[in-house]
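Please examine the structure shown below before reading the notes that follow. The briefing is grouped by topic.

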Amino acid sequence: MRRLPLRLHAAVAATVIGAAICVALPTPQASAATGGVTGYATQNGGTTGGAGGQTVRATTGTAIHTALCTRASSSTPIIIQVEGTINHGNTAKVSGNSCNTNAGLIELKQISNVTIVGVGSGAVFDQLGIHIRDSSNIVIQNVTVRNVKKSGSPTSNGGDAIGMESTVRNVWVDHVTLEASGGEAEGFDGLFDMKDNVQYVTLSYSILRNSGRGGLVGSSESDLGNNYITFHHNLYENLDSRAPLLRGATAHMYNNSYMNLRESGINSRAGAKAKVENNYFKDSKDVLGTFYTNERGAWQVAGNIFDNVTWSSPGNENYPAGPNPQSTTTVGIPYSYRLDGAGCVPDLVRQTAGANKGLQVSDGSCTPQTPTPTTPAPTSPGPTSPTPGPTSPTPGPTSPGGTNLSIGAGADGSSKASGTSYGNVVDGNAGTYWSPSGSTGQISVKWDAAVRVGSVNIREASGATGVIRSWRLVNNDTGAVLASGSNGVGVVSFSPTSLKKINLEITGANGTPRVAEFETYAG
């Protein structure tokens, strides 16, 4: 074992105390590195955000807009540190000569040289999107954006968590968590969308999950002016499609982890070119190709792992790259980068990607021990988090001690198969059960007042033990992941947490799950 320094990204090191943290790494296979802007965002003069400008603190959306509007000019550098929950109730329009804002979203319009970074206990943009328009040199780091809707109530930003449009240049989005609670039918749209002449963008060390659509580059087959996008060390999880959808653009995807893409993944179309390197695709369908159009794109592939990936048959408006993906073009990359081995990627990304992970990065030295499509990735390939993170416990045969808090509680979920009920998981009867309408879904236990929960026991129905494979336990009140795993579920313990609702999100299964009891305990 060796001890190596773990530093925060250079773009915010001057604004966050404790820029160097020493962390014990369990194996010599990977190490932490100093972070900084990467990928295509380093080109075209680079991306620095508000570096060198004034640092201000904001706990409301209105305060963010005020900070933009009180600058000397629309290009005066500024670093806005955000803490707390930003929502419709605290985000109003502010006027000024250095801004062009609106209520109901964070508006970065006709401005430049801005950094927005989450600090302290974290920044959550709840049902409130971030809109970048006619702007340049923007950095967004360490924030969560969740449940932004285009229909229903409240609506924001056309349903996009982060959306960019109309002559946007040089944007670096890093260590963010973007999530929804369903697809278009539930009112949500894309998590990370670019259209109408957006160029030189990097999305790194981020999580995109639980949505119908991951994101797009180009809104139609005629919107081909978007270009030069890098996606690396991101987790795409529990999505229908668009991971991402590319129209006409050149994009570079490396060291990403893709889990449970239900319909399609990287959709290169309308002349787009994708360089796809050292990614890990698991429990997914049609992860690369041209889909839903005859206007085909191309790809260059190398070093990827396809673990339990299924491929459809080619036909009209359907051109999957598999089952044996081969390169159909070559893509030159103008910047330097280092590749982690694909077998390391799932665990490495799990430890580093998303908000509130300490802005940790890989130095590109991770080498897997046995990277085969049927063998799980090494358990300790990268840096560890300085704060407790999700765990992957081994299922246990017995219940935790104490009272099952689920008895008498309420239950709901994302869907239910015919003949099953959400309430069956809290009735104390192992002979009844809930199933989702497919192989994945969400089941929740809820209370009228907050209770303290420190462990759960997920009891699968007789004949269905071991069907659930990958899963997450989520505090519905805050969106925080309490625990996660990819080797089945049973008894799960975590730091005791006060909450009113806890979600079991099933993201991968060997068939249709049947949850007989969702037991909750204080200890």
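**Overview of the predicted model**

The structure holds two disulfides, a disulfide being a pair of cysteine sulfur atoms within 2.5 Å. This is a predicted model, in which local features need pLDDT of at least 70 and side-chain atom pairs count only at pLDDT 80 or more, while totals for chains, interfaces and linings use all residues. Residues are numbered from 1 along each chain as its sequence is written, and side-chain values use heavy atoms, with hydrogens and water left out.

**Disulfides**

- A disulfide is a covalent bond between the sulfur atoms of two cysteines.
- Cysteine 69 lies in helix H2 (residues 61-69) and cysteine 99 in the loop between E4 and strand E5 (106-109), so the pair ties together parts that are 30 residues apart in sequence. Helices (H or I, at least four residues) and strands (E, at least two) are DSSP runs, numbered from the N terminus.
- Cysteine 69 counts as buried at 8% relative accessibility, and cysteine 99 is buried at 14%. Buried means under 20% relative accessible area, exposed over 50%, and partly exposed in between (1.4 Å probe, protein chains only).
- Cysteine 344 is joined to cysteine 366 by a disulfide, S to S 2.0 Å.
- For cysteine 344 and cysteine 366, the torsion about the S-S bond is about -95°, so the disulfide is left-handed.
- Both cysteine 344 and cysteine 366 are buried.
- With bonded cysteines counted along the chain, the disulfides follow the pattern 1-2, 3-4.

**Salt bridges**

- The count comes to 17 salt bridges, each a side-chain nitrogen of Lys or Arg within 4 Å of a carboxyl oxygen of Asp or Glu.
- Glutamate 83 forms a salt bridge with arginine 57, and their closest N and O atoms are 2.6 Å apart.
- Glutamate 83 lies in strand E4 (residues 78-86) and arginine 57 in strand E3 (residues 54-58), so this pair ties together parts that are 26 residues apart in sequence.
- Arginine 57 is partly exposed, at 49% relative accessibility.
- Glutamate 505 and arginine 472 meet through their side chains in a salt bridge (2.6 Å, N to O).
- Glutamate 505 is in strand E33 (residues 491-509) and arginine 472 in strand E31 (residues 468-475), so the pair ties together parts that are 33 residues apart in sequence.
- Glutamate 505 is buried at 8% relative accessibility, and arginine 472 is buried at 4%.
- A network of salt bridges links Lys150, Glu184, Asp189 and Arg213.

**Nonpolar cores**

- The largest nonpolar core has 68 residues, and those with the most contacts inside it are Ile80, Phe125, Met164, Phe192 and Phe231. A nonpolar core is a set of buried Ala, Val, Leu, Ile, Met, Phe, Trp, Tyr and Cys residues joined through side-chain atoms within 4.5 Å.
- A second, separate core of 26 residues includes Val425, Ile468, Leu473 and Leu482.
- Leaving aside neighbours within four places in sequence, phenylalanine 125 is in contact with residues including Ile64, Val82, Val143 and Arg146, where contact means heavy atoms within 4.5 Å.

**The chain as a whole**

- The protein chain has three helices and 34 strands.
- Of the 523 residues in the protein chain, 58% are buried.
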